[in-house]
Structures are given as C-alpha cells and as structure tokens.
Amino acid sequence: MSQYILTVTCASRRGIVAAISSCLAGKGCNIDDSAQFDDVESRRFFMRIAFTSEEGAGLDEIREAFAPVIAEFGMHAEFHDAARPMKVVLMVSRFGHCLNDILYRWKIGALPIDIVAVISNHLDYQKLVVNHDIPYHYIPVTPQNKPEAEARIMEIVRASGAELIVLARYMQILSDGMCQAMSGRIINIHHSFLPSFKGANPYKQAYRRGVKLIGATAHYVTADLDEGPIIEQDVARITHAQNAADYVSIGRDIEAQVLSRAIHAHIHHRVFLNGDRTVVFPASPGDYASARMG
C-alpha cells in the first residue's frame, strides 16, 4: 500500500471536507492523518491529508478522480508521494553549524531529504561535504560577478531537479529575480530573533543592550531582506552572567534547531503560504518514523 499527501488551498465554503473525503474513499483510500485551518480574516481554507491507497489506485488515477473536486471549489491542490524524499540544495558560507546539523540529521534519517548538492562561496566545507558523497560546488561571489554566479547556482538547481534551497548561513543576498523564481522554495535562517539587531555581530549588539532573550527565525526568502513569511522560531533565556561569546554559542544552537524544524515542516508539506504569513500544521508521529535508531 502506498501513502500519499494531499495539500489543498481554496476559498472557504461549506462542503470542502466532505467532498475531499468522499472522493478519496471512492478510490479505496484511507485517511491516516488530517489537519485543516479556516482563516476567518482572509476567508481562505487550508488542509493537509496523509492517506493510504488500500485498493491499488495509483497517484495518476487518484489525481484524475479528484479533478472535478478541484474544479468545483477552485482549489489549488497538490498530491505528493510520501515515500519520495524531496531534492534539496544546501548553501553555506563560513559558519558551518547549520550545515553540520543538517548533515547529521540527514545521515540518521531524521531529515528524510535527498541532498543533491552543496553550494558555497568558500572552500571551508568542501572536504566535509565530499566525504558524505555529496557534490560540492564552489562558486565565489564578488560584486562584479554576482549575476554570473547566481546564474550558475540556478543552473545547478535546475540540473539537479532541486525542489528546495536551504540557506544554511549563506552570507550573500539573493537577487529579486532568484527570489521570485524560487518563491516559497528557499528557506533562510535569520540569526536574530529581534529585528533591531541586524547587520554585523548581532549577538554582540544584543549583549551590549543587555537583552534577556535571544533566538532565531526560519523564513521563506523574499526580496525584502530577512522579512519573508515566518516558518519557525525559538528563543533562549539569557542572564547577566553570560558574556558575548555565550550569546554566540547559544544562538548558533538555536539557529541549527530552528532551521532543521523548518526544513522538516516544509518537506512534509505542512507549510502553506497565507499572504505574508504561513499556516504550519504540527508534525505527526509518522513524520519521524524514518529516523534510524542507533
């Protein structure tokens, strides 16, 4: 039996859930997990369903049977094979904590993704990545060659079939064109929970201001720097006894965790764009079933 995931977005109206359930049942499918949200402000409806095809219906057959439901409700609907890992490109500069965390989670199965390439504007992590049998692409970026470098990045993304780009502390600003071409498919980790600490040395700025909470934000990348739709956030409490170096160490731990959780939600199709915000359905136990025990 094959398990699939259906994601639905449409205008809110009566009968949506009944129509979806009836269609899937009619094709011999059993719903294993379901989450829905009706946004009263935007009047948009969001739903994610994990279901099993118990009578042998394939994805193409189910899609065809579902077409009238899409037409009736004006839905944006997507079907995904739950067993197929999403193809991901990682991008990194000189801070490797997020990259190392992702590679470890990928290796033990906690992040069931297919890492098709790592791209960097430095050579610091070439050996680490190659030792994981992952292609490493060194693409230096300067103000003079930035358009050519970005074109090369997009060439790698297209050739590898990547469905998601993860900026694992990639310290270059992407162009508006690339942000638009990959809209909703680039995740970045912002190293500061508070937007007042932007630019260089954000943790040092936070230390000098005597903040009591530091954290990180994972978001989709848009043309507005560090202001895309938020997927995941977390914070840690700080005391007066901790110095600026402690802030950095604690902050990097939070960054790695927040970024991995955001990736996990995206690859399981639990994140929906809702204007400038997101709808993020919580993980179910089955999302972690692939993690290997050791």
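Modeller: Here is a walk through those side chains, starting with the charged ones.

This is a predicted model, in which local features need pLDDT of at least 70 and side-chain atom pairs count only at pLDDT 80 or more, while totals for chains, interfaces and linings use all residues. Residues are numbered from 1 along each chain as its sequence is written, and side-chain values use heavy atoms, with hydrogens and water left out.

Charges come first. Side chains of opposite charge can pair when their charged atoms come close. A salt bridge here is a side-chain nitrogen of Lys or Arg within 4 Å of a carboxyl oxygen of Asp or Glu. The count by this rule is 12 salt bridges.

Take R105 and D101. Their closest N and O atoms are 2.6 Å apart, in a salt bridge. The two residues are four apart in helix α3 (residues 97-108), so about one helical turn separates them. Helices (H or I, at least four residues) and strands (E, at least two) are DSSP runs, numbered from the N terminus. For accessibility, buried means under 20% relative accessible area, exposed over 50%, and partly exposed in between (1.4 Å probe, protein chains only). R105 is partly exposed, at 26% relative accessibility. D101 is buried, at 17%.

Now R261. It forms a salt bridge with E232, at 3.3 Å from N to O. R261 sits in helix α8 (residues 244-267) and E232 in strand β11 (residues 230-237), so this pair ties together parts 29 residues apart in sequence. E232 is partly exposed, with a relative accessible area of 22%. R261 is partly exposed too, at 33%. R261 also meets D234 in a salt bridge, at 3.1 Å from N to O. With R261 in helix α8 and D234 in strand β11, the pair ties together parts 27 residues apart in sequence. D234 has a relative accessible area of 30% and is partly exposed.

There is also a network. Salt bridges link D33, R48 and R270.

Next, the record. UniProt, in an unreviewed entry, places the feature "active site" at D226. UniProt positions are given in the numbering used here, feature names are shortened, and annotations may be inferred rather than shown by experiment. D226 lies in the loop between β10 (213-220) and β11. D226 is partly exposed, with a relative accessible area of 23%. What does D226 touch, leaving aside its neighbours within four places in sequence? D226 is in contact (heavy atoms within 4.5 Å) with N188, H190 and H219.

Then the cysteines. A disulfide is a pair of cysteine sulfur atoms within 2.5 Å. A search of the whole structure finds zero disulfides. C23 is in no disulfide, and the nearest cysteine sulfur, that of C29, is 8.2 Å away. C23 is buried, with a relative accessible area of 12%. C29 is likewise in no disulfide, with the sulfur of C23 as its nearest, 8.2 Å away. At 10% relative accessibility, C29 is buried.

Last, the rings. A pair of aromatic rings is described by the distance of the centres and the angle of the planes. Rings of Phe, Tyr and Trp (its six-membered ring) pair if their centres lie within 6.5 Å; planes under 30 degrees apart count as stacked, over 60 as edge-to-face and the rest as tilted. That rule gives seven aromatic pairs. One of them joins F46 and F272, whose ring centres are 6.0 Å apart with planes at 75°, so the pair is edge-to-face. F46 is in strand β3 (residues 44-53) and F272 in strand β12 (residues 271-274), so the pair ties together parts 226 residues apart in sequence. F46 is buried, at a relative accessible area of 1%. F272 is buried as well, at 6%.

F51 and F79 make another edge-to-face pair, at 6.2 Å centre to centre and 90° between the planes. This pair links distant parts of the chain, with F51 in strand β3 and F79 in strand β4 (residues 76-81), 28 residues apart. F51 is buried, with a relative accessible area of 0%. F79 is buried at 9%. Y4, F51, F66 and F79 form one aromatic cluster.
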